[in-house]
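Please consult the sequence and coordinates below while reading.

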Amino acid sequence: MAVHIGAVAPDFTQESTEGQIHFHDWIGKNWVILFSHPKDFTPVCTTELGAVSKLKPELEKRNIKAIGVSVDPLDSHKKWIADIEDTQGVKMNFPILADADKKVSKLYDMIHPEWNDTLTVRSVFIIDPNKKVRLTITYPASTGRNFQEILRVVDSLQLTDSHSVATPADWKQGNDVIIAPSLQDPEELKKKFPKGWKELRPYLRVTPQPNK
Ligand code: BEZ
């Protein structure tokens, strides 16, 4: 079954390169990026795991933990990590689940048999500290992910969770945002958006990012 936005992220216990992980306990009060890889010792996956390790300071700023999934066993992951560190010039700093029994891959619908019966596609899930799924994306095996885009979505979610706004197309930190159409009370509007706003249409009101 597909995992939908708004659902509680399915819980599991699985082996990883950092020991056994009880997923909901491991999430704690953090945001999580859970992402799957088709296979160990493959070129695109190698670059992705290096790229996410290099993002550690950006993940920490946002209170995010990263965790990878691959259906290869633990001894294979451990050998592969040496290659990742050597070729990508970074120390791996987050766990990869060893999902040889496909427990997690099946739970999160990461195997798309129309593409391949046994390997996972490149799935991404953003999970919030309440353990709710907030984003799902699926990439093809031949396309490495843009992790800046995934960070951008976390930025948007963290902002829109705490202010009555949404973020427009291609938004990034510091750009103008959109006032939630449901917010209509003039006093509340003035209190929440003291910098003012531009009303392009009654449903499209643009304001400077409130927490900047
Ligand atoms: C890769 O990571 O390079 C890859 C993995 C599976 C299929 C195609 C490419």
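Q: Is aspartate 128 buried or exposed in this predicted model?
A: The structure is a predicted model. Aspartate 128 has a relative accessibility of 5%. Because the buried class covers values under 20%, aspartate 128 counts as buried.

Q: Which side chain meets aspartate 128 in a salt bridge?
A: The N to O distance of this salt bridge is 3.0 Å, and a salt bridge requires a separation within 4 Å.

Q: What separates lysine 61 and glutamate 58 along helix α3?
A: Helix α3 comprises residues 56–61, and both partners of this salt bridge belong to that helix. They are 3 residues apart, so their separation is about one helical turn.

Q: Is arginine 62 buried or exposed?
A: Glutamate 58, with which arginine 62 forms a salt bridge, is partly exposed at 24% relative accessibility. Lysine 61, the other partner of glutamate 58, is exposed at 63%. Arginine 62 has a relative accessibility of 14%, and therefore counts as buried.

Q: How many salt bridges does a search of the whole structure find?
A: The search of the whole structure gives a total of 12.

Q: Which elements give two or more residues to the lining of the largest pocket?
A: The largest pocket holds about 160 Å³ of space. Its lining includes Lys56, Leu59 and Glu60, as well as Ile64, Lys65 and Ala66. Helix α3 covers residues 56–61, and β4 covers 64–70. The elements that give two or more residues to the lining are α3 and β4.

Q: How many residues of the lining of the largest pocket are charged?
A: Glu18, Trp26, Asn93, Phe94 and Pro95 are also among the lining residues. The lining divides into 6 nonpolar residues and 1 polar residue, and the number of charged residues is 4.

Methods:
Residues are numbered from 1 along each chain as its sequence is written. This is a predicted model: local features need pLDDT of at least 70, side-chain atom pairs count only at pLDDT 80 or more; totals for chains, interfaces and linings use all residues. Side-chain values use heavy atoms; hydrogens and water are left out. Helices (H or I, at least four residues) and strands (E, at least two) are DSSP runs, numbered from the N terminus. Buried means under 20% relative accessible area, exposed over 50%, partly exposed in between (1.4 Å probe, protein chains only). On a 1 Å grid over the protein atoms alone, a cavity is a set of points where a 1.4 Å probe fits but cannot get out, and a pocket is an open set with protein on both sides within 12 Å along at least five of seven lines; lining residues have an atom within 4 Å of a point. Grid points are joined across faces, edges and corners, and a volume is the space filled by probe spheres set on the points. Ala, Val, Leu, Ile, Met, Phe, Trp, Tyr, Cys and Pro count as nonpolar, Asp, Glu, Lys and Arg as charged, and the others, Gly among them, as polar.
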